[in-house]
Amino acid sequence: MEQQQDKTIDQATDTNKDEVVVYIKGLKKSFGDKDVLNNINLDLKRGENVVVLGKSGQGKSVTIQCIVGLLKPDEGELTVFGESVADMDDKELKQLRIRIGFLFQSGALYDSMTVRENLEFPLTRVLKIKDQQEINQRVEEVLDGVGLLDAIDKLPSDLSGGMRKRVGLARTLIVKPEIMLYDEPTTGLDPITSREISELILNMQKKYKTSSIIITHDMECAKITADRVVVMNEGEYVAEGSFDELVKSDNEFVRSFFNEKS
Ligand SMILES: Nc1ncnc2c1ncn2[C@@H]1O[C@H](COP(=O)(O)OP(=O)(O)OP(=O)(O)O)[C@@H](O)[C@H]1O
Ligand SMILES: [Mg+2]
């Protein structure tokens, strides 16, 4: 039975797996005289998990902020679902951000609200859903998905760091985004919790068929989640391949990066 279900999911993903949902070509961005992005090129296909590796301050978060239109690139092409982000007006950007889930580096929750209230927030405020039954059902489904149904009436302060990360992830997933952007999803977590979050990211890809960009320094997270890995250095992508290909790369920088971090 389970095997059959998996097959259905594969077939559904197969039909449009070549669709490029994020297209980045020759992207450049400077702040004052500091060149941060020099020439970023990236295709994210539907249903794919792409991991971006790079040292601190390389412009990984800046790239993500360009994708959701929070920062404007100086040069280059950047389209999401085939539309140029730079040409979108405020209304179009708002629509776009409903289709893109963004897990912040901090994963901030509202401290004075219970887990349930934190999760209801995007449903009532962003999607403007009024039907309480539908709200309850979606809150419970997504919490169950991250294994935290028991914590529904707790406050964020009653939860561990890993549990808060899960709630943050649930709050992003509850609007069913087609694209997920994860900025350092495992930073600050112990190795066991990090692995759980990485496995959750993989499960979410399977369950919701999301396309994801995962920025991380965590090699285990990369190994677990990546269909494809890109390595970033000095504002450019210097290597691309599967995790196993890159570990054995001829490029010394790429290899040293893997060795240093693993
Ligand atoms: N809004 C901004 N104004 C000016 N400089 C910025 C801005 N945002 C980022 N920068 C600079 O751009 C560079 C890249 O920052 P970014 O946050 O993208 O790095 P990162 O690769 O995500 O690093 P980390 O791994 O530490 O998160 C840094 O030098 C940063 O100071
Ligand atoms: Mg960053």
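Which strands pair in the parallel sense over five bridges? Some notes on that and the rest below.

Residues are numbered from 1 along each chain as its sequence is written, and chains are lettered from A and ligands numbered from 1 in the order in which they are written. Keep in mind that this is a predicted model: local features need pLDDT of at least 70, side-chain atom pairs count only at pLDDT 80 or more, and totals for chains, interfaces and linings use all residues.

1. The strands in question are E3 (residues 49-54) and E9 (residues 228-233). Helices (H or I, at least four residues) and strands (E, at least two) are DSSP runs, numbered from the N terminus, and two strands pair if DSSP finds at least two bridges between them. Val50 sits opposite Arg228 in E9.

2. E9 also has an antiparallel partner: five bridges join E9 to E10 (residues 236-241), with Val231 bridged to Ala239 in E10. The two make a hairpin with two residues between them, and Glu234 in the turn has a positive phi of about 50 degrees.

3. Around ligand 1 you'll find Phe31, Val36, Gly54, Ser56, Gly57, Gln58, Gly59, Lys60, Ser61 and Val62 (near means a C-beta atom, placed from the backbone, within 6 Å). By type, the shell has three nonpolar, six polar and one charged; here Ala, Val, Leu, Ile, Met, Phe, Trp, Tyr, Cys and Pro count as nonpolar, Asp, Glu, Lys and Arg as charged, and the others, Gly among them, as polar. Helix H2 (residues 60-67) gives the most to this shell, with three residues.

4. Helix H6 (residues 161-173) is mostly covered, with 10 of its 13 residues buried (20 or more other C-beta atoms within 10 Å of its own; exposed is 12 or fewer, partly exposed in between, with C-beta atoms placed from the backbone).

5. Leu109 lies in the loop between E6 and H4, yet is buried, because 21 other C-beta atoms lie within 10 Å. Beyond its neighbours within four places in sequence, Leu109 is in contact with Asn118, Pro156, Arg164, Val167 and Gly168 (contact: C-beta atoms, placed from the backbone, within 7 Å).

Methods. Contact = placed C-beta atoms within 7 Å.
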